[in-house]
Amino acid sequence: MPTPESAAFLAKKPTVPPTFDGVDYNDTPRLKAAQDAIIREQWVKSMMARLVREELAKCYNREGVNHLEKCGKLRERYFEALKDAKVKGYLFQQQNYVPGQDNPVGQDQVAAGVKKPQDGIFASIPAEVAKANEDTRL
């Protein structure tokens, strides 16, 4: 197994941040690297929660009836780690970006004229048809 300082370790270390900021969706290798980075970050958080859970179980077994007093810090740390412990995937982040906040470069050019998930079902209905439908409902 390579050590953290070895060349083999540094070659496998990811260089892409776990976000879609600045990723052109037409550039497939960069898109896949961003997806992999997001999944990798979620797995790291999940495994960290698992390690804290194992330490908490050892503390419960070791302390017995005093576990409420002795294991409180581990319990709180585990509850905080549980918030991010689920591996959710990357599709939600990839498809539902917030413009101006994490707007990927090139996304608007790729999806020009195509409905986005945040547009809703009725986004393609012309305004005058929607207005007429509202008037008839009253």
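Predicted model: local features only at pLDDT ≥ 70, side-chain atom pairs only at ≥ 80, totals over all residues.
Helices here are DSSP runs of H or I with at least four residues, numbered from the N terminus.

**The largest pocket**

Which helix gives the most to the lining of the largest pocket? That is H2, with 4 residues. Helix H5 (91-95) joins H2 in supplying at least two residues each to this lining. The space inside the pocket comes to about 250 Å³. Among the residues that line the pocket are Pro18, Ile38, Glu41, Gln42, Lys45 and Phe92; Lys83, Asp84, Lys86, Lys88, Gly89 and Gln93 also belong to the lining.

Helix H4 spans residues 72-82, and its buried residues are Gly72, Tyr78 and Ala81. The cover over these buried residues includes helix H2 (28-63) and helix H3 (67-70).

How many aromatic pairs does a search of the whole structure find? The answer is 1. The rings of tyrosine 78 and phenylalanine 79 have centres 6.5 Å apart, and their planes meet at 35 degrees, so the pair is tilted. Here is how the two partners compare in accessibility:

| Residue | Relative accessible area | Class |
|---|---|---|
| Tyrosine 78 | 14% | buried |
| Phenylalanine 79 | 45% | partly exposed |

Why is tyrosine 78 classed as buried? Its relative accessible area is 14%, and buried means under 20%. Phenylalanine 79, at 45%, is partly exposed, because that class lies between the 20% limit and the 50% above which a residue is exposed.

Conventions. Residues numbered from 1 in each chain as written. Heavy atoms only, no water. Buried < 20%, exposed > 50% of the residue type's maximum accessible area, 1.4 Å probe, protein only. Contact = heavy atoms within 4.5 Å. Phe/Tyr/Trp six-rings, centres within 6.5 Å; stacked < 30°, edge-to-face > 60°. 1 Å grid on protein atoms, 1.4 Å probe; cavity = no way out; pocket = protein on both sides within 12 Å on 5 of 7 lines; lining within 4 Å. Points joined across faces, edges and corners; volume = space filled by probe spheres on them.
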